[in-house]
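Good morning, and thank you for coming. Please look at the model on the screen while I go through its symmetry and one of its sheets.

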There are 2 protein chains.
Amino acid sequence: MTNILPVLDHAAADLPASLERLFELVRIKSISTDPAYGAECRKAAEWLVAELRSLGFDAAVRETPGHPMVVAHHDGPREDAPHVLFYGHYDVQPVDPLNLWDNDPFEPAVRDIEGGRRIITGRGTSDDKGQLMTFVEACRAYKETQGALPCRVSILFEGEEESGSPSLKPFLEANAAELTADCALVCDTSMWDFETPAISAGLRGLVGEEIVVRAANRDLHSGYYGGAAANPIHVLAEILAGLHDESGRVTLEGFYDGVEETPSQIKAAWDTLGTTAESFLGEIGLSVPSGEKGRSVLELTWARPTAEVNGIVGGYTGDGFKTVIAAEASAKVSFRLVGKQDPGSIRDAFRAYVQSKIPSDCSVSFHAHGGSPAIQLPYDSPLLTKAKDALSDEWSKPAVVIGMGGSIPIVGDFQKMLGMESLLVGFGLSDDRIHSPNEKYELRSFEKGIRSWIRILAAIASK
Amino acid sequence: MTNILPVLDHAAADLPASLERLFELVRIKSISTDPAYGAECRKAAEWLVAELRSLGFDAAVRETPGHPMVVAHHDGPREDAPHVLFYGHYDVQPVDPLNLWDNDPFEPAVRDIEGGRRIITGRGTSDDKGQLMTFVEACRAYKETQGALPCRVSILFEGEEESGSPSLKPFLEANAAELTADCALVCDTSMWDFETPAISAGLRGLVGEEIVVRAANRDLHSGYYGGAAANPIHVLAEILAGLHDESGRVTLEGFYDGVEETPSQIKAAWDTLGTTAESFLGEIGLSVPSGEKGRSVLELTWARPTAEVNGIVGGYTGDGFKTVIAAEASAKVSFRLVGKQDPGSIRDAFRAYVQSKIPSDCSVSFHAHGGSPAIQLPYDSPLLTKAKDALSDEWSKPAVVIGMGGSIPIVGDFQKMLGMESLLVGFGLSDDRIHSPNEKYELRSFEKGIRSWIRILAAIASK
């Protein structure tokens with residue numbers, strides 16, 4: 001087994017340069033959901049290709065009907081070395097409302113905050129540019145000290161993760177042989193807390209739907225027509241209010257098909273983590289769990305399905321008041337899935353429910369925004385055990401195996417389409433404000449993240 | 001009694017110049033709800049003052065804490081001539097969404113449409129610039145033919161009617177003696193149909209409220225927090241969905257206090273007007289009355305109170321999808337009042353209801369946007385009878401006395417604060433698209449509106 005101490009030392013010494021490379025990537029405004037930023041997404045892909053080529057990867061921008069992929073390959077030290085596929089995404093969330101940012105989201109910087117912590121500020125620093133760069137910089141440390149990587153490494157960087165990954169499945173299908181490795185390494189998750197590394201073994205699935213309810217053929221004066229004409233905001237409010245019953249359960253027919261109770265020993269292990277409703281919600285200014293009654297916040301966010309309205313708009317929303325009855329109103333709704341819930345069935349049940357609530361003289365249209373089932377990874381595979389030990393060594397604290405509320409659809413696709421197990425390791429923190437103003441990444445996460453991948457790659461390479 | 005034929009003839013001959021003057025006023029972007037247009041509101045007031053001075057009025061722009069008033073006075077032909085106060089408003093509604101307008105809202109023009117009709121297009125042409133100019137042009141025709149007006153005429157033009165008239169009551173109170181006349185003439189209402197003039201005797205009141213529901217202290221990722229953190233859009237949907245019961249009645253406690261059933265002979269008279277749910281709603285692409293069950297559309301819009309959501313917004317509403325749980329969500333809600341419903345009590349009941357639905361870790365703030373009780377004018381006053389005859393003569397069809405769904409708060413203020421009866425005559429049509437894109441005013445309404453005021457002023461002047 002390679003002596004990794006010089007590699008770790010090199011990573012530490014090279015940190016200022018590593019940071020400068022991350023900043024270059026963060027400055028590129030690769031917002032994938034907004035068509036106005038298409039050229040910036042391509043620029044990010046091209047920047048990554050150049051970076052990987054400089055490390056000796058055979059790398060290329062690969063076209064899709066949407067934003068391009070980055071695919072790169074590097075030989076291992078021997079023919080029989082393990083082959084890993086690393087996945088990350090270079091696209092980022094929109095930045096509105098811009099006025100809530102303390103600093104320019106696309107001008108990253110290292111800033112000192114309370115408690116002696118140092119953070120890297122900017123959109124994408126945590127989700128996912130900072131994370132994917134921990135792996136790239138780990139490869140750099142190997143190359144610059146050993147002249148080689150300990151494993152055969154392939155890389156796939158996506159540019160549509162924040163917009164439902166429409167091109168991903170066709171791309172995996174068309175390039176299955178090229179992309180299949182012994183396992184996948186996915187860096188898009190969080191630590192347990194500031195001190196404790198974590199490996200995620202459960203991921204909720206996701207179904208996104210946008211609905212537009214239409215009533216009159218134009219906006220109406222609420223004085224002339226109020227009380228007689230259908231108001232699409234009322235229809236929408238009825239639909240959304242009816243999604244949950246009084247116990248917090250989702251009311252869609254068959255919604256809980258395929259949802260199993262979490263084993264009691266798993267729940268007991270989670271209970272020992274010390275997370276309470278007060279601690280989990282207190283940090284965001286709340287205190288009362290809003291979902292299904294009688295379940296812990298970890299169970300609610302890791303192991304239970306949800307329905308959430310992510311956006312709503314209709315009628316006059318500017319300053320002042322306008323006594324209008326809108327012609328249409330719309331909402332974006334997402335469902336988090338667990339267990340064996342089927343995304344297609346959930347979507348169908350939602351559409352049938354919505355349709356049943358539409359008055360006969362109104363109409364509704366639906367727009368699908370991504371769908372993926374939940375994932376449950378084995379708790380006891382050799383890959384997971386090696387990674388757990390490597391992380392525990394780096395952080396001087398045992399790594400914990402946790403569930404995760406978010407969705408990383410690609411993990412299911414790797415499993416189903418390429419037959420690959422995934423290892424989900426990331427260095428984000430729950431207060432990184434991903435998808436919100438003032439996103440940040442801990443400098444410590446970036447630094448020790450690079451070192452963690454150096455250790456994990458060495459562990460995977462060892463027999 | 002003055003021979004009004006030369007006056008009517010002059011108005012007809014002068015129509016092109018009258019139109020050009022209206023166009024000048026419509027070109028001024030006097031949107032009162034949007035602070036960005038404050039200077040334009042003042043410009044409209046100044047334009048009107050100059051216009052009235054050119055007709056011999058003693059006119060002035062009068063300051064308020066908001067947009068200014070225009071007040072003008074003109075002597076009558078004799079000391080004992082009746083004294084009328086004419087009211088209109090120079091402010092207009094916002095024009096968004098601008099892309100739904102076929103023509104620039106602030107570049108008025110006369111256009112030919114189907115059925116040989118000619119319309120004046122532009123924001124405010126019907127509500128209320130075109131209407132108030134019918135009266136100004138009637139005065140002009142008198143002055144240019146007779147050198148005098150048949151009555152003593154005072155004028156009050158407001159610039160905040162579309163934003164809840166916050167300055168109106170204090171202004172009336174401070175200038176009560178100056179503004180009190182024998183009666184008020186208000187031109188902000190509609191005809192019964194294209195052929196049939198109407199006098200409005202019932203006006204619904206209005207209470208406007210904006211609510212902002214706040215949950216977490218920042219926008220959240222729905223993967224991390226979904227299922228545990230309160231979603232303010234859900235809270236808002238519950239509140240709004242609960243405003244009506246299954247029979248379409250408003251659920252607020254005490255909401256129907258002071259609401260009386262419409263006398264059966266009035267309902268019978270309305271039934272003879274031939275308006276059905278099909279005809280009333282068909283024109284706007286709907287067919288099913290949405291409000292209280294078992295009532296005609298005229299009763300629903302003229303004589304029944306309502307709750308309508310005029311606008312809602314929360315979370316991500318741009319292109320694509322963002323899996324966010326918003327920190328806040330807001331809605332603008334208005335109530336139309338009838339009978340003796342008390343605006344203050346309705347507002348209190350709404351706020352108490354909303355507060356009762358807010359989870360203990362969330363909060364809500366309220367913003368009042370105007371409040372006025374309903375008005376019911378006598379069906380048989382001498383003023384109304386004179387106006388009815390004058391209108392019937394001009395339009396060669398009997399004028400009808402109708403209810404009105406909209407709210408004109410000033411009519412109540414004139415009654416309560418100045419002890420004046422109001423005459424509500426207007427020449428709008430239900431398809432004028434006031435408050436919507438493509439607002440228009442019939443050229444015929446403008447032309448015959450001027451002639452109608454010439455006749456009504458003569459009728460009021462006669463003993």
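I begin with two definitions: two strands pair if DSSP finds at least two bridges between them, and helices (H or I, at least four residues) and strands (E, at least two) are DSSP runs, numbered from the N terminus. In chain A, strand S5, residues 118–121, pairs with S18 in the antiparallel sense over 3 bridges. Within this pair, A:Ile119 stands opposite A:Glu442 of S18.

This is a predicted model: local features need pLDDT of at least 70, and side-chain atom pairs count only at pLDDT 80 or more, whereas totals for chains, interfaces and linings use all residues. Residues are numbered from 1 along each chain as its sequence is written, while chains are lettered from A and ligands numbered from 1 in the order in which they are written.

Which strands make up the sheet in chain A? The order is S4-S5-S18, an open sheet of 3 strands with antiparallel pairing. Strands S4 (109–112) and S18 (440–442) of chain A are the edges, each pairing on one side only.

Let me turn to the two chains. Chain B can be laid on chain A with an RMSD of 0.0 Å, by a turn of 180 degrees and a shift of 0.0 Å along the axis; the superposition is by least squares on the C-alpha atoms of residues with pLDDT of at least 70 in both. The two copies are thus related as by a two-fold rotation axis.

Finally, confidence. pLDDT is the predictor's confidence in each residue, from 0 to 100. Chain A averages 94, and 99% of its residues score at least 70. The model scores ipTM 0.70 and pTM 0.70.
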